[in-house]
Amino acid sequence: MDCIFCKIANGEIPATKVYEDDTVVAFNDLEPQAPTHILVIPKAHISSAAEITEENSAVISHIFEVIAKLSKDLDMTNGFRVVNNCGDWAGQTVKHIHFHVMSGRKFTWPAG
């Protein structure tokens, strides 16, 4: 498999990691859209949110536990946004489920 996020999770491609455990890795986004912009990914390959099942949903729950921890550790006291793009039309460019966690500025809806 030629998945860039699998390679980051396996340590084959360097990334500026802010968190890692046996299940999850979080690292700084290379093209940040906010002062704090990290990606949180499972180490196991799940293509997208459309591929979440009973068998793999525990890792998604764990990802959100990690996001809550990071929000405290990285002082996101004014709030943060979590974004998951699912599929081409939604803007998913890497076919490995990932969650953008952004903070440090005020966001608007639906864009920005």
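**Pocket lining and sheet architecture**

The lining of the largest pocket comprises, by class, ten nonpolar, eight polar and two charged residues. The structure described here is a predicted model. In this model, the volume of the largest pocket is about 390 Å³. The pocket is lined by 20 residues, and those nearest its centre are Phe5, Asp29, Leu30, Glu31 and Leu39. Two elements, α1 (4-9) and β2 (24-28), each contribute at least two residues to this lining. The largest share, three residues, is supplied by α1.

Strand β2, which takes part in the lining of the largest pocket, also belongs to an open sheet of five strands. The strands of this sheet follow the order β1-β2-β3-β5-β4, and their pairing is antiparallel. From one strand to the next, the twist averages 20°.

Within the sheet, β2 is paired with β3 (residues 36-42) in the antiparallel sense, over five bridges. In this pairing, Val24 is found opposite Pro42 of β3.

Helix α2, spanning residues 57-73, lies across β1, β2, β3, β4 and β5 (99-103). Relative to β3, helix α2 runs at about 155°.

Methods. Residues numbered from 1 in each chain as written. Predicted model: local features only at pLDDT ≥ 70, side-chain atom pairs only at ≥ 80, totals over all residues. Heavy atoms only, no water. 1 Å grid on protein atoms, 1.4 Å probe; cavity = no way out; pocket = protein on both sides within 12 Å on 5 of 7 lines; lining within 4 Å. Points joined across faces, edges and corners; volume = space filled by probe spheres on them. Helix = DSSP H or I, 4+ residues; strand = E, 2+ residues; numbered from the N terminus. Nonpolar A, V, L, I, M, F, W, Y, C, P; charged D, E, K, R; others polar. Pairing = 2+ DSSP bridges. Axes fitted to C-alpha atoms, helices over the stretch in contact; angles between N-to-C directions. Contact = heavy atoms within 4.5 Å.
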